[in-house]
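Visitor: I would like to learn how to read the features of a model like this one. Please start with the terms.

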Amino acid sequence: MRQSLIRQVLILLLLGLGVSACANYGGRSGTAVRGSSSVITINGFYEALAPYGSWVEVEVHGRVWVPSSVEVGWRPYTHGQWVYTAVGWTWLSDWSWGWAPFHYGRWSRDVRHGWVWVPGMVWAPAWVAWRDGDGWLGWSALPPSARWTVGVGLDLGAVDLTVAMAPDWWIFVSDRYFLDPRLRLRI
């Protein structure tokens, strides 16, 4: 019962952020998202996520965040559930730090560190690509090069998704379990 109430409150918060947050990605520490009552900066991400992981430098993306409390073999968008909201399918994370890495920025796979989060300033209900067929639904974290362009939609630029999103990035679940609040047990 309490978890249900917490999830409902989080959904309302996510909806509020999604409707009010609008900014361009700048990749600089001074860049901010201005919502109706809050400002989120890249530095704010550094401070808020530091207790839950490490900030490291990687050659391709610069400063990225690596979660510390995840098990071996963990992938983004596995600990939580999908809920349908006014802004589309929204990822509701089980992680206390999930408010940032699943709605701002993108995930990438690094040879040395595993899954790393590349900060970004544009909010989305989830930064994933979708697949479905034969009673299965699948999703994969979009690479950092993916951008949302107003009036265009998802802009992948010159990205080859077969290279950027390897087969093991994808998560599939039987469509009957897609809305399961214990989704990670069904994967």
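Guide: Helices (H or I, at least four residues) and strands (E, at least two) are DSSP runs, numbered from the N terminus. Trp-130, for instance, lies in strand S9 (residues 128–133). This is a predicted model, in which local features need pLDDT of at least 70 and side-chain atom pairs count only at pLDDT 80 or more, while totals for chains, interfaces and linings use all residues. Residues are numbered from 1 along each chain as its sequence is written, and side-chain values use heavy atoms, with hydrogens and water left out.

Visitor: As what does Trp-130 count at 33% relative accessibility?

Guide: Buried means under 20% relative accessible area, exposed over 50%, and partly exposed in between (1.4 Å probe, protein chains only). At 33%, Trp-130 counts as partly exposed.

Visitor: Which residues are buried in helix H2?

Guide: In H2 (residues 42–49), the buried residues are Ile-42, Phe-45, Tyr-46 and Leu-49. They cover an arc of only 100 degrees around the axis, so they are on the same side of H2. The arc is that of the directions from the helix axis to the C-beta atoms.

Visitor: How many aromatic pairs does a search of the whole structure find?

Guide: A pair of aromatic rings is described by the distance of the centres and the angle of the planes. Rings of Phe, Tyr and Trp (its six-membered ring) pair if their centres lie within 6.5 Å; planes under 30 degrees apart count as stacked, over 60 as edge-to-face and the rest as tilted. The search finds 26 pairs. Among them is the edge-to-face pair of Trp-65 and Trp-97, with 4.9 Å centre to centre and 65 degrees between the planes. Trp-65 lies in strand S4 (62–67) and Trp-97 in the loop between strands S6 (88–93) and S7 (106–110), so the pair ties together parts 32 residues apart in sequence. Both Trp-65 and Trp-97 are buried.

Visitor: Which residues are linked in a network of salt bridges?

Guide: Side chains of opposite charge can pair when their charged atoms come close. A salt bridge is a side-chain nitrogen of Lys or Arg within 4 Å of a carboxyl oxygen of Asp or Glu. The network links Asp-180, Arg-182 and Arg-186. Asp-180 meets Arg-182 at 3.8 Å, N to O, and Arg-186 at 2.8 Å. Asp-180 counts as buried at 10% relative accessibility, whereas Arg-186 is partly exposed at 33%.
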